[in-house]
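Dear colleague,

Please find below the structure that I am handing over to you. A summary of the findings comes after it.

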Amino acid sequence: QLQASGGGLVQAGGSLRLSCAASGRTSSSNHMGWFRQAPGKEREFLASITYSGRSTNYADSVKGRFTISRDNAKNMSYLQMNSLKPEDTAVYYCALGRISVSGSFWPDRWGQGTLVTVSS
């Protein structure tokens, strides 16, 4: 089970850190990712991180502003979001999944989302 938290209302230019708690067994194949879905839009990949934490991947829309990390001892993943923009407003989801040879993240398990609202 996954549970995302840390969303809220923030002004443009501000920062938020989202957390994702994973319960139950995890393994070295459990890579983690973050997605978001804005009203009327499809769910969008944001970032992924391998189980070891050594490799990360970001969507161009958040590269340089968002940072994904994880703490396997705590079964947690984090998404640090800086320089937030109104267009970052969305429900944010974390997921456990696989990473293909090409580096694409394929989610297997989804957490409940957390709403991030960025005011202008």
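The model is predicted, with local features requiring pLDDT of at least 70 and side-chain atom pairs counted only at pLDDT 80 or more, while totals for chains, interfaces and linings use all residues. Residues are numbered from 1 along each chain as its sequence is written, and side-chain values use heavy atoms, leaving out hydrogens and water.

**Strands and pairing**

Strands are DSSP runs of E with at least two residues, numbered from the N terminus, and two of them pair if DSSP finds at least two bridges between them. Four strands form an open sheet in the order β1-β3-β8-β7, and their pairing is antiparallel. Its edges are β1 (2-5) and β7 (66-71), each of which pairs on one side only. From one strand to the next the twist averages 15 degrees, where axes are lines fitted to C-alpha atoms and angles run from 0 to 180 degrees between N-to-C directions. Within this sheet, six bridges connect β3 (residues 16-22) with β8 (residues 76-81) in the antiparallel sense; A21 has M76 of β8 as its bridge partner.

Strand β4 (residues 31-37) is largely enclosed by the rest of the structure, because six of its seven residues are buried. Here buried means under 20% relative accessible area, exposed means over 50%, and partly exposed lies in between (1.4 Å probe, protein chains only). Strand β4 pairs antiparallel with β9 (residues 90-99) over seven bridges, and R36 has Y92 of β9 as its bridge partner. Five bridges also join β4 to the antiparallel β5 (residues 44-49), with M32 opposite I49. The hairpin of β4 and β5 has six residues between the strands, and G40 in this hairpin takes a positive phi near 75 degrees.

**Aromatic pairs**

The structure contains four aromatic pairs. Rings of Phe, Tyr and Trp (its six-membered ring) pair if their centres lie within 6.5 Å; planes under 30 degrees apart are stacked, over 60 edge-to-face, and the rest tilted. One of the pairs is F35 with F45, edge-to-face at 5.6 Å centre to centre and 75 degrees between the planes. F35 is in β4 and F45 in β5, ten residues apart. F35 is buried at 7% relative accessibility, whereas F45 is partly exposed at 24%. F35 also pairs edge-to-face with W110, at 4.8 Å and 65 degrees. As W110 lies in β10 (residues 105-110), this pair ties together parts that are 75 residues apart in sequence. Ring pairs link F35, F45, Y93, F105 and W110 into a cluster.

**Charged side chains**

A charge sits over a ring if NZ of Lys or CZ of Arg is within 6 Å of the ring centre and within 35 degrees of the ring normal. R43 has its charged end over the ring of Y93, 3.8 Å from the centre, and R17 lies over the face of Y78 at 4.2 Å.

There are five salt bridges in the whole structure, each being a side-chain nitrogen of Lys or Arg within 4 Å of a carboxyl oxygen of Asp or Glu. Among them, R36 meets E44 with the closest N and O atoms 2.8 Å apart; R36 is buried at 7% and E44 partly exposed at 28%. D88 and R65 form another, at 2.7 Å. Both D88, at 1%, and R65, at 10%, are buried. Salt bridges that share partners join R36, E44, R65 and D88 into one network.

With kind regards
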